[in-house]
Every structure is written in structure tokens, then in C-alpha cells.
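Here is a short briefing on one protein model. Please keep the sequence and the structure in view while you read.

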Amino acid sequence: MIKGENSRELILEILLQVDEEGEHSSVAIRNALSKYQFLPKQDRAFITRVCEGTLEYRIQIDYIIDFFAMIPTEKMKPVIREILRSAVYQLKYMDSVPDSAVCNEAVKLAQKKGFYNLKSFVNGVLRSVARDMDKVRFPRRKDGLVTYFSIKYSMPEPLVTRWLDYYGEETTEKILADFLTERPTTVRYRTYRTSAEDIDKSLKAQGVRVQPAPYLPYARYISGYNHLLTLDAFLQGNMQVQDVSSMLVAEVADPKKGDYVIDLCAAPGGKSLHVGDKMGIYGTVDARDVSAYKVNLIEENIARTGAINIQTKIQDATVYDVDSECTADIVLADVPCSGYGVIGKKPDIKYRVTSQKQEELVILQRSILDRAADYVKHRGVLVYSTCTIAREENEENVLWFLNNYPFRLESLDPYLPEELHSDTTSLGYLQLLPGIHKSDGFFIARFRRK
């Protein structure tokens with residue numbers, strides 16, 4: 001508690017921002033914790049876990065509430081619905097919080113928010129959940145895989161159906177289970193300027209747990225810290241928060257000293273920084289994005305890390321830039337996408353699914369690829385990437401691009417660790433799947449201009 005703010009009230013505000021206002025969960029949580037940055041480590045951890053857990057398990061939680069409540073969750077007042085959801089998450093998944101405290105705090109919060117007449121309703125539902133949780137009849141596998149997976153792993157049925165069609169039962173269940181797995185923060189050490197051993201020592205001296213991350217020698221998992229801004233290694237620019245899957249983009253791009261690289265959708269700048277690091281102090285990375293806000297995020301990272309070979313530009317990737325025609329040795333097109341590969345980190349993504357949005361995204365991605373093709377020099381390289389596992393945005397876009405532009409795929413095997421080699425990487429593209437690979441879901445393809 002700080003300045004009279006109650007942790008559960010802050011949780012309610014975050015959940016309402018996500019569900020009612022459409023804010024991204026990671027942004028809502030980060031903004032709330034930044035506003036109260038002097039909250040004790042325990043309170044910050046509690047707020048983050050309850051918010052993320054409530055969102056991750058929303059479908060399952062609603063199923064439990066509907067089992068006990070006379071009013072379906074979808075018809076409840078938003079404040080009451082989110083109070084119940086976060087309380088049920090604590091009752092089911094947080095043994096450290098006494099059931100009586102969960103119920104009492106929820107009732108007090110409902111009253112504080114002006115719902116005095118619904119105190120007994122909130123109390124009755126939560127007491128029933130706490131007392132009779134084991135009486136809830138969940139769907140069984142034999143009743144139908146789609147419903148079973150949807151409730152067990154709290155995933156909307158359209159996505160479950162899509163992945164069962166794509167990947168089959170076994171792989172789909174691994175993907176769904178992985179999305180609900182707690183994961184540490186992944187960082188990239190900037191080893192061209194500081195040794196990995198020295199960065200390890202710096203983090204451990206501040207009480208941070210450090211473990212090797214898979215696939216790349218400079219990737220690490222870190223946990224047990226309160227805030228990134230308290231870590232010397234981060235403040236000094238010796239590491240960058242970045243998933244291993246995203247790090248592979250720079251490996252596949254394989255920039256050489258002196259190259260000119262255009263990163264079309266660069267914010268917050270992780271890939272641009274990585275490519276710049278791989279060139280040392282040489283070459284130039286032209287890091288672009290659509291708005292001043294996004295470019296500012298890139299510039300903040302440039303300032304913190306002291307990178308000297310990256311320049312920024314406000315540029316809509318769908319708008320043709322005549323000055324860039326046939327100028328780039330490498331173009332990175334990490335395009336806006338559905339984000340299904342990072343549902344484990346941004347659980348609200350799964351609730352924003354519509355077929356119309358999917359179609360609009362593919363149109364946007366192809367528009368960006370159309371522009372990207374013009375900027376690549378003859379014999380230059382285009383790297384296309386997304387953080388999704390949707391075939392329309394990945395393999396189908398690759399096929400469309402090959403059929404319409406003078407490019408060919410190039411094998412990824414020379415740039416990837418051997419354990420990631422496959423039939424598709426030898427052709428020129430890689431689909432990483434949560435639960436199958438040790439990373440986010442991610443797609444990378446490498447094209448060479450003919």
C-alpha cells in the first residue's frame with residue numbers, strides 16, 4: 001500500500017483498462033507500476049501475478065463463476081466481474097492468500113466502488129467458490145477436444161480449432177500448456193563491449209538469478225529482481241530485454257561491417273540494436289517506425305546503450321520512400337501481426353481474435369513487404385519476421401511474396417544453431433512453436449534479391 005492505494009484496487013483498475021478500454025495488459029501493468037514505482041517488491045509481484053494470472057485464466061475463471069452465480073459473467077457489471085475474476089484466481093491459484101482474506105477484500109472493494117447493494121452477491125459467490133471448488137464439473141477430453149482444451153487451458157475455441165487443424169492434438173496441447181507456464185525475463189548480453197562473465201557477475205552481485213538461455217551463447221534468463229531500472233547491467237547498456245526468438249533475426253540477417261540496414265518496424269529497437277552490435281561501430285542501421293511515440297522508444301534504448309551506428313526516422317512502412325529505393329544491403333520487416341506466439345507474455349491477445357482483424361493484418365503485412373522489396377539492393381537480403389504462429393501471416397505470405405517479387409529464399413542453416421535445423425530451415429524459413437521450441441512462437445524467413 002502506498003499513498004492510500006490498495007493493491008487490489010490497483011489490480012481492478014488494470015483489469016478494467018484491459019477489458020473495457022482495450023489497453024494491452026503489458027502496457028497497463030507497466031504504467032501502473034511506474035506510477036507507484038516505490039511499491040515494495042512483494043506488492044509489485046502480487047499485483048503483476050494477479051493481473052497476469054486473471055487474464056491468462058479468464059475463460060476457466062468465468063466457467064467457475066458461472067457454475068456458482070445466478071448471473072452469467074458476461075452480463076455482470078464490469079467492476080463486479082473483474083473483482084470476482086481476480087478473487088477467483090487468488091482462490092484457485094494462490095495458496096499464500098487465505099480464502100477469508102480474498103473474500104473479505106473483494107467485498108470491501110465492491111462497496112468502495114459504490115456497489116453496496118451487491119456486497120452479498122460478491123460474498124455469496126466467492127464463499128461458494130472457496131467452499132465447493134472441487135464440485136465444479138469441468139469438460140472432459142472425451143466430451144470434445146475443443147471445449148476441453150478451451151476450458152482447461154483458457155483459450156478461445158476459435159484458436160483451439162485453428163491449431164488443432166494446423167498441428168494436431170499433441171502439438172496443440174503442448175502449445176496451450178506452454179502459454180500458461182511462468183517464465184523468467186530473457187535478455188541479450190551485448191558481449192561485443194563487455195564479457196558475458198562480467199555481466200553475469202554484475203547481476204549476481206545485485207541478487208539476480210542468472211541462467212543460460214537456449215540456442216545462443218549471449219542469451220540469459222534473469223529472475224528475482226525488483227525492477228530493471230535498479231540493475232547496473234541494464235542502466236549501463238550491457239544488456240537488452242529480448243526473447244531468443246527475436247535475437248535469431250539478427251543472426252539470420254548476418255550483417256557485415258559497413259552494411260546499410262533498414263529496419264522498417266523497429267520499435268522498441270531490440271533488433272536494430274542487435275544488428276548494430278553485430279557490426280560493431282561500423283555500418284548504419286536506419287531504425288524506422290510509424291509514430292513519434294514509437295521512435296522515441298527506440299531513441300531511449302539508443303541513449304541507454306550508447307549505440308552510435310543507429311539513426312531513427314518517423315516513417316510509415318506502408319508509404320513508399322523514394323530515397324530508399326535499392327539502397328539497403330539488408331531490410332528487416334518485422335511486421336505488425338496477430339501476436340499469437342507471445343500469448344504467454346501478453347495473454348489479452350487471445351481475447352482480441354476476429355477473422356476480420358486477421359484479414360486486415362495480412363493486407364497490412366503484404367503492403368509492408370511490397371515497400372520492403374523496393375529498398376533492397378540487387379543481391380541484397382530481406383528478412384521477414386512475425387511473433388505469431390498463424391500460417392496466413394507466415395508461410396502463406398512467403399509464398400505470395402515469392403510469386404510476385406524477384407526474390408528467392410535462402411537456407412537459414414548457416415546462421416542457426418544445429419538443433420534448430422529442419423526441412424524448412426534448409427528451404428529458408430523457420431516456425432518456432434511454444435512448447436516445442438524453447439522460445440516464444442516466432443517466424444523468420446530470409447530472401448535474397450535476384
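I281, Y282 and I308 form a nonpolar surface patch with about 340 Å² of accessible area together. Patch members have over 30% relative accessible area and no salt bridge; like charges are joined within 9 Å, and nonpolar side chains (Val, Leu, Ile, Met, Phe, Trp, Tyr) within 5 Å. Areas come from the Shrake-Rupley method with a 1.4 Å probe, and for residues only the protein chains shown count as cover.

This is a predicted model: local features need pLDDT of at least 70, side-chain atom pairs count only at pLDDT 80 or more, and totals for chains, interfaces and linings use all residues. Residues are numbered from 1 along each chain as its sequence is written, and side-chain values use heavy atoms, with hydrogens and water left out.

**Surface and loops**

- I308 sits in the loop between helix 14 (292–305) and strand 7 (310–314). Helices (H or I, at least four residues) and strands (E, at least two) are DSSP runs, numbered from the N terminus.
- I308 is exposed, at 65% relative accessible area. Buried means under 20%, exposed over 50%, and partly exposed in between (1.4 Å probe, protein chains only).
- R352 belongs to the loop between strand 8 and helix 15. R352 is partly exposed at 24% relative accessibility.
- The C-alpha atoms of R352 and P156 are 9.7 Å apart, although 196 residues separate the two along the chain.

**Strand 8 and its partners**

- Strand 8 (residues 328–334) is mostly covered, with 6 of its 7 residues buried.
- Strand 5 (residues 260–263) pairs with strand 8 in the parallel sense over 3 bridges. Pairing requires at least two DSSP bridges between the strands.
- Within this pairing, I262 stands opposite V331 of strand 8.
- The bridge partner of A333 is Y384 in strand 9.
- From strand 8 the chain passes through helix 15 (residues 355–375) to strand 9 in a right-handed β-α-β crossover. Right-handed means that, with the strands pointing away from the viewer, the path from the first strand over the helix to the second runs clockwise.

- Most residues other than glycine have a negative phi, and most peptide bonds are trans.
- A267 and P268 are joined by a cis peptide bond, with omega about 0°. P268 lies in the loop between strand 5 and helix 13 (270–278).
- R379, in strand 9, has a positive phi of about 70°. R379 is partly exposed, at 48% relative accessibility.
- D254 has a positive phi of about 50°. D254 lies in the loop between helix 12 (244–253) and strand 5.

**Salt bridges**

- The whole structure holds 34 salt bridges. Each places a side-chain nitrogen of Lys or Arg within 4 Å of a carboxyl oxygen of Asp or Glu.
- One of them joins E9 and K113 (2.9 Å, N to O). E9 is in helix 1 (residues 7–21) and K113 in the loop between helix 6 (99–112) and helix 7, so the pair ties together parts 104 residues apart in sequence.
- E9 is buried at 9% relative accessibility, while K113 is partly exposed at 30%.
- D254 also forms a salt bridge with K256 (2.5 Å, N to O). D254 is partly exposed at 27%, and K256 is partly exposed at 46%.
- D19, R58, D62, E82 and R85 are linked in a salt-bridge network.
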